Amino acid sequence: MLDLLDIPTPWGSPFIGLGHLLQMALHVSNGHEQFLKWHEVYGPIVRLRLLYRDVVIVADPQVASELLSKGPNECPRRTPEYTLFNAAHGMPGYGAILTEQDEERWKAIRRAIAPAFTLSAVRDLFPTIVTCYSEVCKRISSGEAVHYSKPRGSSSSSGEPEVLIDEEIFAATLRVLSDGFLRMPQQGLFDAHKTAADASSLIAITNTFVTQPWKRWLYLGMPWLCKESRTFHAQRRHMMSVTHQIAQHIESLRPTASAADFSLGASLSRLREPSSGQLFSTQALQAEVFLEIVGQESVPWTVAWTLYLLTQHPEAEQAVLQELAAAGLPCNGDLAAVSAALSMDSLRQLPFLTAVLHEAMRLFPAGVAATPRMCEKVTKVGPYQVPAGVIVFPCLYSILNYSANWDSPQQFKPERWQDPSAATDPRTGSPRFVPFGIGPKACVAQQLAMVQCKVLLVLLLSCFSWRLAPRMGDPQGVLSQTVAALELRVAQGMWLTPTPRSAAAQ
């Protein structure tokens, strides 16, 4: 057992062989919070026993970096949790950039698509990004994206205006993907709002396959079992139709895509299976496209959480507005003016907005569930030697919120980012600001994501002031509904009430 039994562990149920399964079953939707509580009590490295499996959760930045980066302690991504997410795309046997466990195939995909997400590529597509995200503001201003709360004791919907902001942003982000990165023809556009809603729901349901495996067996084996199961299969059929449409578009690029074309669509069209040298099949492309779509959800939730925090900290919102005005970005509700003034250069003039965004990403990291790994040999995990077969989980949420890593971690303090070294652990110099992951499997599109989030925040804050919608209750109610799927989200979505800036000024 080497040092495995020396690792601190919470009390479990060893006498009936369940280990910590009962505790985790009680926290299937908020396991990240339970992990953090255990770290605060037992330290940065904690051992769990789930039936026959040992899992070591890690909140130490240096140890996490060693496990996820190249080196003697690196652990591969060969755990069953990843393959379970492939159930959502309906192509059994096909992995993708987010779930692929074959290292050579993963490297082939990563090498192929990385040029599509360089800063140069993002700069070329910046006008498309602004255009697509301006549509969110237009839909809100026109009332197309607005719903109304029901006043208490009334059956009518005549209360305050509310916007499901994460879904609106997700749909616009899919337009960035289709119009810009994939260069889909206009006549071939899918319904972005339905696709956003279905993709989000599919991942939420699929996440329960990891935490509640009996649902996987029942839903996949008996699709008629219950409403949620029927919803899952209906949404998966729709997503398979969408991904098939996109895969066919990608295949149509093959005769004309030059080697110098590094757009995402052209890059995917050139993908070949490392084992055979054959071009990716339609099904393989569908699986990749599905995970590319799902990966876009980190932007909506990062922006939604940032807006939520600003609703709770009006002084920070006022500081952001002053910074926007100083950078020549009007905050008077004039969408055309702010869109025209936006540029990659203007985004670099917004250090406080960046600090607010970083703090939101620290408190509510998008990739909360993305780093479980399998030890394939005896592996050093901090001071401990653990045997092969143990799952290690550098928990990004714990790394970003653990009191040993941060001063007052539960407080919203954007001023902490005024320190240029805030992203590194002062004790070891290891990265501790890791919302995009660590090492070679960190998010390939993180530069794009930061630009997208900043553009969205500039547009949404320039045109509207925001409040928490009545249906969300108070902040404690929001946090109590927070769940971890691939992203950290609110179970019912993030509903916010917008007020046009021009009206607010009056």
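**Strand pairing, aromatic rings and a surface patch**

Strands β4 (residues 161–164) and β12 (residues 495–500) run antiparallel and are joined by two bridges. The model is predicted. Strand β12 also pairs with β9 (residues 464–468), again in the antiparallel sense, over five bridges. Twelve aromatic pairs occur in the structure. In one of them, the ring centres of W301 and W305 lie 6.1 Å apart with the planes at 40°, so this pair counts as tilted.

**Strands around β12**

**Aromatic rings**
- Helix α14 (residues 298–312) holds both W301 and W305, which are four residues apart, about one turn of the helix.
- W301 and W305 are both buried.
- Through ring pairs, W301 and W305 belong to a cluster that also includes Y308 and F364.

**Charges over rings**
- R432 lies over the face of W406, 4.1 Å from the ring centre.
- The charged end of R471 sits over the ring of W495, at 3.7 Å from the centre of that ring.

**Nonpolar surface patch**
- A nonpolar patch on the surface is formed by W214, W217, L218 and L225, which together have about 430 Å² of accessible area.
- One of these residues, L218, is located in helix α10 (residues 213–221).
- L218 has a relative accessible area of 32%, so this residue is classed as partly exposed.

Conventions: Residues are numbered from 1 along each chain as its sequence is written. This is a predicted model: local features need pLDDT of at least 70, side-chain atom pairs count only at pLDDT 80 or more; totals for chains, interfaces and linings use all residues. Side-chain values use heavy atoms; hydrogens and water are left out. Two strands pair if DSSP finds at least two bridges between them. Patches are made of residues with over 30% relative accessible area and no salt bridge: like charges are joined within 9 Å, nonpolar side chains (Val, Leu, Ile, Met, Phe, Trp, Tyr) within 5 Å. Accessible areas come from the Shrake-Rupley method with a 1.4 Å probe; for residues, only the protein chains shown count as cover. A salt bridge is a side-chain nitrogen of Lys or Arg within 4 Å of a carboxyl oxygen of Asp or Glu. Buried means under 20% relative accessible area, exposed over 50%, partly exposed in between (1.4 Å probe, protein chains only). Rings of Phe, Tyr and Trp (its six-membered ring) pair if their centres lie within 6.5 Å; planes under 30 degrees apart count as stacked, over 60 as edge-to-face and the rest as tilted. A charge sits over a ring if NZ of Lys or CZ of Arg is within 6 Å of the ring centre and within 35 degrees of the ring normal.
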